Amino acid sequence: MADDDELKLKLAHLERLYCLEYEMVRATAAFEHATLRPLFLLNGGALVTYLALYGALNRPGGAAALDTKFAAVAIGCWVVGLLLAMICAFRASQSQYAYRKLRGRQADRKEYELGIQTQKSLEKIEQEIGAQIQIGQSAHKWAVVIGVLSLTAFVIAIYPAFKSIPDRPVPTQELSNAQK
């Protein structure tokens, strides 16, 4: 009878461990989405807005023309920022996947300790835990570095974007012709 109670207690503990793993997966995905979204919104939003401005001002009969050299630099920086954001998202997902696998290996270790898991040796499980920690930490560091580079590309693009806008005032006659 005492063995049954002890086994039920161990199984309840294991069930909590599995529930924790499931919740960690959900929380990790939500955190990842919330963290990476600004990189895409900043670079993508700036790019779309600037292209709309560029199209409005550089059409035939437009009120003013942008300096295309500065415009190309700004657009290029925002495109690079978007590409870096995509790489950052990939590295972040690698990190989160490694941490999720780490949690699974920790559950394997607990199963081994309870006598449920016998397919792998404790040494093999410990090696896998160490490998997942190393993969997760490395991917996380790269995701942070690449995310900072993406944000830097956004900030760098601001100067050439504003520099591409002409300083001269637009004559009233040009505006009325553009509206016709």
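Visitor: Which helix is Ser 150 found in?
Guide: This is a predicted model, where local features need pLDDT of at least 70, side-chain atom pairs count only at pLDDT 80 or more, and totals for chains, interfaces and linings use all residues. Residues are numbered from 1 along each chain as its sequence is written, and side-chain values use heavy atoms, leaving out hydrogens and water. With helices taken as DSSP runs (H or I, at least four residues; strands are E, at least two) numbered from the N terminus, Ser 150 belongs to helix α3.

Visitor: Is Ser 150 buried or exposed?
Guide: The cut-offs are under 20% relative accessible area for buried, over 50% for exposed and partly exposed in between (1.4 Å probe, protein chains only). Ser 150 has a relative accessible area of 0%, so it counts as buried.

Visitor: How far is Ser 150 from Ile 87 in space?
Guide: In sequence, Ser 150 and Ile 87 are 63 residues apart. C-alpha to C-alpha, though, the gap is 9.5 Å.

Visitor: And what is the relative accessible area of Ala 85?
Guide: Ala 85 is in helix α2, and its C-alpha is 8.6 Å from that of Asn 43, 42 residues away in sequence. Ala 85 is classed as buried because its relative accessible area is 0%.

Visitor: What pattern do the helices follow along the sequence?
Guide: The protein has four helices and zero strands.

Visitor: Are α2 and α3 roughly parallel or roughly antiparallel?
Guide: Helix α2 (residues 68-114) and helix α3 (residues 122-163) pack with axes 7 Å apart, at about 165°. The axes are lines fitted to C-alpha atoms over the stretch in contact, with angles from 0 to 180 degrees between N-to-C directions. Under 35 degrees is roughly parallel, over 145 roughly antiparallel, 65 to 115 roughly perpendicular and the rest oblique, so the pair is roughly antiparallel.

Visitor: Which helix gives the most to the lining of the largest pocket?
Guide: A pocket here is an open set of points on a 1 Å grid over the protein atoms alone, where a 1.4 Å probe fits, with protein on both sides within 12 Å along at least five of seven lines; lining residues have an atom within 4 Å of a point. Of the 19 lining residues, the closest to the centre are Thr 35, Leu 36, Cys 88, Ala 143 and Val 144. Two or more residues each come from α1 (2-57), α2 and α3. With eight residues, the top contributor is α1.
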